[in-house]
Amino acid sequence: MRSDQLANLRRLGNAALKLPTWNFLQVDGPICTQAVNLFGAKLALALHYEVTKRIVPSRGVIVLKRFSNVDAFIDERAIDSLQIFGAGKTLQMGKFEVSNQFRYSSVYETETNSMSAHVAVFREAMALMMVVCHKTEDVPDGVSGHLIIV
């Protein structure tokens, strides 16, 4: 997971000055990417069911996009796209809650309950944006990311 710090600073250029630290980790390798994609797909299916009360059928689709904390500091478009979801919810049991570790928010299409979008933030280190559709052709234009067929 070690990363070439100098190469990252060169890639970021002046945007690196916005970062609170220059301790970079490489999390875009094949093992980490596969693990995050699998976890994100399972989370997307669970959140889709939570808000729509519908199970995604076979051949449904999930579009998954990952944002790092570096994206949060240097790419304002990434943060703007996450802001549309609002403050969100967290896990809670009695008075114990974990909003400083995990929070999520969802929006969904209410007519047929066949499409939903979700964002989940993990300790301000990573965020996942997930769009779930019952059919591939229902994926909205402009939505990009890793495509997962259910």
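Five strands make up an open sheet, ordered β4-β5-β6-β1-β7, with antiparallel pairing. β4 (102-108) and β7 (146-149) are the edge strands; each has a single partner strand, so one side of each lacks a neighbour in the sheet. From one strand to the next, the twist averages 20 degrees. The model is predicted.

**Strand pairing**

- Strands of a sheet pair through backbone hydrogen bonds, in either a parallel or an antiparallel sense.
- β4 and β5 run antiparallel and are joined by seven bridges. Y104 has A120 as its bridge partner in β5.
- β5 and β6 are also antiparallel, paired over eight bridges. Here A120 has L128 as its bridge partner in β6.
- β1 (residues 61-68) and β6 (residues 126-133) run antiparallel, with eight bridges between them. L64 has M130 as its bridge partner in β6.

**Helix on the sheet**

- Helix α2 (residues 30-52) packs on the sheet. It touches β1, β4, β5 (115-122), β6 and β7.
- The direction of α2 makes about 125 degrees with that of β5.
- How much of β5 is buried? Seven of its eight residues are, so the strand is largely enclosed by the rest of the structure.

**Hairpins**

- The β4 and β5 hairpin has six residues between the strands. In this hairpin N113 takes a positive phi near 55 degrees.
- The β5 and β6 hairpin has three residues between the strands. R123 takes a positive phi near 50 degrees there.

**S114 in the β4 to β5 loop**

- S114 lies in the loop between β4 and β5.
- Its relative accessibility is 14%, so S114 counts as buried, the limit being under 20%.
- The side chains of S114 and T112 are joined by a polar contact of 2.7 Å.
- Which residues does S114 contact, leaving aside its neighbours within four places in sequence? They are H48, R54, E109, V132, C133, H134 and D138.

**Nonpolar cores**

- The largest nonpolar core holds 16 residues. L43, I62, A120, F122, L128 and M130 touch the most other members.
- α2, β1, β4, β5 and β6 are the elements that give two or more residues to this core. The largest share comes from α2, with five residues.
- L43 touches A120, F122 and M130, with residues up to four places away in sequence not counted.
- A second, separate core has 12 residues. Among them are V119, A127, C133 and V139.
- C133 belongs to this second core and is also a contact of S114.

**Aromatic residues**

- A pair of aromatic rings is described by the distance of the centres and the angle of the planes.
- The count comes to three aromatic pairs.
- F39, F102, Y104 and F122 form one aromatic cluster.

Note on methods
Residues are numbered from 1 along each chain as its sequence is written. This is a predicted model: local features need pLDDT of at least 70, side-chain atom pairs count only at pLDDT 80 or more; totals for chains, interfaces and linings use all residues. Side-chain values use heavy atoms; hydrogens and water are left out. Two strands pair if DSSP finds at least two bridges between them. Helices (H or I, at least four residues) and strands (E, at least two) are DSSP runs, numbered from the N terminus. Axes are lines fitted to C-alpha atoms, for helices over the stretch in contact, and angles run from 0 to 180 degrees between N-to-C directions. Contact means heavy atoms within 4.5 Å. Buried means under 20% relative accessible area, exposed over 50%, partly exposed in between (1.4 Å probe, protein chains only). A polar contact is a pair of N or O atoms within 3.5 Å; within protein, one must be able to donate a hydrogen and the other to accept it, and residues adjacent in sequence count only if both atoms are side-chain atoms. Rings of Phe, Tyr and Trp (its six-membered ring) pair if their centres lie within 6.5 Å; planes under 30 degrees apart count as stacked, over 60 as edge-to-face and the rest as tilted. A nonpolar core is a set of buried Ala, Val, Leu, Ile, Met, Phe, Trp, Tyr and Cys residues joined through side-chain atoms within 4.5 Å.
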